[in-house]
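Student: I am new to this structure and would like to learn how to read it. Could you take me through some features, giving the general idea before the particular case?

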Amino acid sequence: MRLLAPALVTAAVLLSACGTTETPTSTPTESTGGPVTVTDARGKEVKLDAPAKKVVTLEWAETETVASLGVMPVGVADATGYKTWDAAVPLAADVKDVGKRNEPSVDSIVALDPDLVIMAKGRDETLVGQLEKYVPVIVTQASDASRNLDRLREDTKLVAAAVGKAAEGDELLSELDTALADGKKAVEAKGATGTPFVMADGWLQGSTVNIRPFGKGSLVSDTAEAVGLKNAWTGEVDPQWGLGATDVEGLTAITDPKTMLFYSASEDDVFTTGLAANPVWQRLPFVVNKKVVKLEPGTWTFGGPKSVVKVAEQFVKAATA
């Protein structure tokens, strides 16, 4: 199974927060071709002679966001993985693959002669220095479990300013706000406000299914709670992504019969193949009550505004069914 969280090396080890918490700011010029100055998640001021048109993105959320703004990247990291895990915005057939997300090829990036490289905080910090010898780089915050929806808005505005698409960025965020507000109204109308949920993904390691719960503060959790649901997972999570680690026995801490389990499996579905015959799994309340919901393949749980809308719509649909 592919590594699901952009900055995780292993789900068994919880991450610590890294870098600055400064809010990215920008002084953009609209799509008139004038100079653009943005301040990225490092607190670094990046100056461009004009809005970037040839962009390379090194994380799937950033790839999705740039494409959502109407600027198809010329190069992306792990294009095949993006097409599997993030179906919110399709990539054009001629977009070049520049290598792995955790180890892109500097040579492949530079060969595309981009105006800008966009990458997520938490990746190899030495890569930034290598790339900045040849091309401007902006770094997004990528995740912050203390304020993930606000962080998403800031990252979107940062990227939109850099590519001269501030109005399109505002429209993306307006669509997001509308989807969350409409979803909350639908949940309220159905009397489903406060419905407890657990969101997880997992993979098979030997004969053991490792499960990664999305705790409070994860982007998925903030999205689900914005439409009126309540995260039932109270175990330890890391401060950047809001992700935890457990096994099927750990899920026995969830006892409320109203709890819904949502899970992501765009590749191997270990919840079906690895747990279906497990007696502990069979006794869990959401299994007994048939409240297990698999997210649609291509639902990226660490994505941009369009992915968040897709997540919200699926949570609302399940909670109001």
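Predicted model: local features only at pLDDT ≥ 70, side-chain atom pairs only at ≥ 80, totals over all residues.

Student: Which strands does β9 join, and in which sense, parallel or antiparallel?

Tutor: The general idea is that strands of a sheet pair through backbone hydrogen bonds, in either a parallel or an antiparallel sense. Here β9 runs parallel to β11 (residues 230-231), to which two bridges join it, and proline 196 stands opposite lysine 230 of that strand. With β12 the pairing of β9 is also in the parallel sense, over five bridges, and valine 198 stands opposite leucine 261 there. With β10 (residues 208-213), by contrast, β9 is antiparallel, and six bridges join the two; tryptophan 203 has asparagine 210 as its bridge partner in β10.

Student: How many residues lie between β9 and β10?

Tutor: Two residues lie between β9 and β10, which form a hairpin, and glycine 206 in the turn has a positive phi of about 70°.

Student: How should I read a nonpolar core, and which residues have the most contacts inside the largest one?

Tutor: In soluble globular proteins, nonpolar side chains tend to be buried together. In this model the largest nonpolar core has 42 residues, and those with the most contacts inside it are Leu176, Phe197, Met199, Leu229, Phe262 and Phe315. Among the elements that give two or more residues to this core are α5 (148-162), α6 (166-189), β9 (196-205), β12 (260-264) and α11 (305-319), and the largest share, eight residues, comes from α11. Methionine 199 shows how such a place looks from one residue, for, leaving aside residues up to four places away in sequence, the residues that methionine 199 touches include Arg212, Phe214, Phe262, Leu295 and Phe315. Apart from this core lies another, of 19 residues, among them Val55, Ile118, Leu158 and Leu172.

Student: In what order do the five strands of the open sheet stand?

Tutor: The order is β6-β5-β4-β7-β8, and the pairing is parallel. The edge strands, each of which pairs on one side only, are β6 (96-97) and β8 (137-140). Strand β4 (residues 55-57) pairs with β7 (residues 116-120) over three bridges, and valine 56 has valine 117 as its bridge partner in β7. Helix α1 packs on this sheet, where it touches β4, β5 (75-76), β7 and β8, and its direction makes about 145° with that of β4. Helix α4 (residues 125-132) lies across β7 and β8 and runs at about 155° to β8.

Student: How many of the residues of α1 are buried?

Tutor: Nine of its nine residues are buried, and α1 is accordingly described as mostly covered; the buried residues include Trp60, Glu62, Glu64 and Val66. After α1 comes glycine 70, with a positive phi near 90°. The charged end of arginine 101 sits over the ring of tryptophan 60, 3.7 Å from its centre.

Student: How should I read aromatic pairs, and how many does a search of the whole structure find?

Tutor: A pair of aromatic rings is described by the distance of the centres and the angle of the planes. The search finds ten aromatic pairs. One of them is formed by tryptophan 281 and phenylalanine 286, which are edge-to-face, 6.1 Å centre to centre, with 65° between the planes. Tryptophan 281 is buried at a relative accessible area of 7%, and phenylalanine 286 is buried at 0%. Tryptophan 300 and phenylalanine 302 form another edge-to-face pair, 5.1 Å centre to centre, with 65° between the planes. Tryptophan 300 counts as buried because its relative accessibility is 2%, and phenylalanine 302 counts as buried at 7%.

Student: Which residues form an aromatic cluster with Trp300 and Phe302?

Tutor: Trp60, Trp85, Phe214 and Trp241 form one aromatic cluster with Trp300 and Phe302.

Note on methods. Residues numbered from 1 in each chain as written. Heavy atoms only, no water. Core = buried A, V, L, I, M, F, W, Y, C linked by side-chain atoms within 4.5 Å. Buried < 20%, exposed > 50% of the residue type's maximum accessible area, 1.4 Å probe, protein only. Helix = DSSP H or I, 4+ residues; strand = E, 2+ residues; numbered from the N terminus. Contact = heavy atoms within 4.5 Å. Pairing = 2+ DSSP bridges. Axes fitted to C-alpha atoms, helices over the stretch in contact; angles between N-to-C directions. Phe/Tyr/Trp six-rings, centres within 6.5 Å; stacked < 30°, edge-to-face > 60°. Lys NZ or Arg CZ within 6 Å of the ring centre and 35° of its normal.
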